[in-house]
Amino acid sequence: KVPDRYKVMVKYFAVLRMLDGRSVSTVNGDVCNISVFLNFINSSTLSDISVITASEFKNHLDKKGYAESTKNSIWSDASVFIERMNGFDEITLKNPFLGNPFESKQLIDKKYIPVSVAKQLDKVFMKDEIGLTIKTIYWLLRLIPSRISEIIGMNIDCVKSFDDHFCIFIPTWKQNGGYKEPIMRVIHIEDKGMGGYLLALIREQ
């Protein structure tokens with residue numbers, strides 16, 4: 001969806017972002033957002049953009065009916081694109097998108113499970129009739145906020161002793177630039193209380 005006149009420039013931008021350590025999926029999202037901006041200014045040139053362009057682009061996004069977080073993301077990516085590609089092909093670019101008029105995504109309390117419900121779930125997942133694998137996954141997620149893919153990707157020998165406590169190793173792929181090999185997140189935990197309960201589940205599993 002990137003206009004033909006900007007495709008080479010955007011390809012270089014994508015490569016630079018991946019060299020910065022961004023994952024392929026993140027850069028893909030950046031390019032999609034930038035294409036919205038570039039299609040908006042397609043009749044003019046990047047070197048001509050000004051605060052008037054920014055004002056008109058804001059009105060354009062508002063009329064599109066995007067969610068607030070989407071508009072924030074598009075605006076932010078347009079700003080990053082202009083900053084990063086300033087000087088590309090000896091073109092000087094001014095960035096009128098430094099101040100983002102849209103709110104970023106906010107966590108909403110009502111989306112969280114109520115404490116009373118969480119406590120009931122905890123009681124259920126303490127019961128012996130719950131399968132060991134499911135129980136272990138639940139308590140790992142409950143006590144160590146993680147993505148389900150990270151928990152499922154843990155190795156069998158994920159617990160190591162260290163001094164007077166233990167370390168749990170959890171693989172993460174989100175922040176490592178999209179490479180196939182994960183980065184290991186290390187969680188330090190004591191073998192007592194709920195920490196001891198979790199360690200016992202992992203050992204049994």
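## The largest pocket

In this predicted model, the largest pocket is lined by Thr133, Thr136, Ile137, Leu140, Ile151, Ile152, Met154, Asn155, Ile156, Cys158, Ile202 and Gln205. The space within the largest pocket comes to about 260 Å³, and its lining is made up of eight nonpolar and four polar residues, with no charged residue among them.

Two helices, α6 (132-143) and α7 (148-152), each contribute at least two residues to this lining, and α6 makes the greatest contribution, with four residues.

## Helix α4

Helix α4 covers residues 68-85, and because its 18 residues should span 26 Å at 1.5 Å a residue, the 26 Å between its end C-alpha atoms agrees with expectation. Just after α4, Gly87 adopts a positive phi of about 95°.

The buried residues of α4 are Lys71, Asn72, Ile74, Trp75, Asp77, Ala78, Ser79, Phe81, Ile82 and Met85, and they pack against three helices, namely α1 (7-19), α2 (24-40) and α3 (51-64). Residues three or four places apart in an α-helix point the same way, since there are 3.6 residues a turn.

## Helix α2

Helix α2, with 17 residues, reaches 25 Å from its first C-alpha to its last, which is close to the 24 Å expected at 1.5 Å a residue. Its buried residues are Val27, Asp30, Asn33, Ile34, Ser35, Val36, Phe37 and Leu38, and these pack against α1, α3 and α4.

Note on methods: Residues numbered from 1 in each chain as written. Predicted model: local features only at pLDDT ≥ 70, side-chain atom pairs only at ≥ 80, totals over all residues. Heavy atoms only, no water. 1 Å grid on protein atoms, 1.4 Å probe; cavity = no way out; pocket = protein on both sides within 12 Å on 5 of 7 lines; lining within 4 Å. Points joined across faces, edges and corners; volume = space filled by probe spheres on them. Nonpolar A, V, L, I, M, F, W, Y, C, P; charged D, E, K, R; others polar. Expected span 1.5 Å × (residues − 1). Buried < 20%, exposed > 50% of the residue type's maximum accessible area, 1.4 Å probe, protein only. Contact = heavy atoms within 4.5 Å.
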